[in-house]
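Dear colleague,

Please find below the structure that I am handing over to you.

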Amino acid sequence: MKIGIMGCGSIAKTLVNFKLNNKLNVDLAYFYDLNLDNAKKLAQQVDAKVSDSLEDLIENSDLILESASQGAVRNSIPQVLENGTNVVIMSVGALLDEDFRLNLESIAKKNGAKIYLPTGAITGIDTVKAAKLGEIESVTLITRKPPLSLGLELEGDDEIIIFSGKASEAVNKFPKNINVSSTLSLASGMDADVKIIADPKISRNTHEIHLKGTFGELTTITSNVSSPDNPKTSLLAAYSAAGLLNKLSETIQIGT
């Protein structure tokens with residue numbers, strides 16, 4: 001399977017490192033970025049090629065992994081799916097726009113393409129998907145981040161709540177910080193309640209999920225190490241992308 005990478009930032013860099021260390025069993029064949037130098041730097045490490053246009057990336061890839069931005073999802077993924085090419089979307093926040101998501105689904109079905117959404121930087125999504133077969137009463141995400149990763153500088157150790165509301169609002173106000181709320185909402189079928197806290201006392205991004213339903217209750221806490229290249233991105237998000245790519249070719253697949 002030839003994988004095309006759209007967006008050559010921290011997630012793409014982690015995938016390249018996995019490939020170099022024999023932890024990724026797919027072919028990272030093409031790299032595409034609006035900054036051509038970024039694409040060249042990664043491509044040369046794994047003997048891949050650089051696409052100078054979206055059309056070239058689509059033509060040469062069996063599957064395209066988007067790791068660019070919500071804007072890239074809106075502007076480029078419809079064209080990818082129209083060509084019948086499967087996609088992995090990392091900027092999941094774009095899919096909380098219901099009209100856009102339904103349009104993507106329609107295009108994908110019409111052209112025989114698949115849309116994959118990795119779990120990302122949280123845990124418990126398998127349970128959430130299973131719980132959805134019953135009734136889910138409530139789903140809540142509490143995210144704590146170091147102020148720097150939110151673009152803030154705070155004096156002292158007092159935490160501040162910078163957002164409290166629905167996931168659909170959060171992804172618009174914090175498009176580079178809270179994709180996890182989108183994944184949780186899509187998996188549960190509910191617009192999750194979200195609270196975002198800037199906490200000077202912590203050094204890691206922390207996501208706490210509370211889920212209640214006919215199955216019982218679930219609470220998970222994930223404390224993530226940030227990517228060395230981008231404090232807004234958790235390493236686990238890149239690990240999740242690599243895990244999904246490997247899963248696509250595995251004979252025995254674990255998890256819901």
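**Salt bridges and accessibility**

Asp193 is partly exposed, with 33% of its relative accessible area; buried here means under 20% relative accessible area, exposed over 50%, and partly exposed in between, with a 1.4 Å probe and protein chains only. The model is predicted, so local features need pLDDT of at least 70 and side-chain atom pairs count only at pLDDT 80 or more, while totals for chains, interfaces and linings use all residues. Residues are numbered from 1 along each chain as its sequence is written, and side-chain values use heavy atoms, leaving out hydrogens and water.

A salt bridge is taken as a side-chain nitrogen of Lys or Arg within 4 Å of a carboxyl oxygen of Asp or Glu. By this rule there are six salt bridges.

Asp193 pairs with Lys166 in one of them, at 2.8 Å from N to O. Asp193 lies in strand E9 (residues 193-198) and Lys166 in strand E8, so the bridge ties together parts 27 residues apart in sequence; strands are DSSP runs of at least two residues, numbered from the N terminus. Lys166 is likewise partly exposed, at 31%.

Glu159 and Arg144 form another salt bridge, with their closest N and O atoms 2.5 Å apart. Here Glu159 sits in the loop between strand E7 (136-145) and strand E8 (160-166), and Arg144 in strand E7, 15 residues apart.

A salt bridge also joins Lys201 to Asp199 (3.1 Å, N to O). Through shared partners, Arg144, Glu159, Asp199 and Lys201 belong to one network of salt bridges. Lys201 is exposed at 54%, whereas Asp199 is buried at 4%.

Key:
Helices (H or I, at least four residues) and strands (E, at least two) are DSSP runs, numbered from the N terminus.
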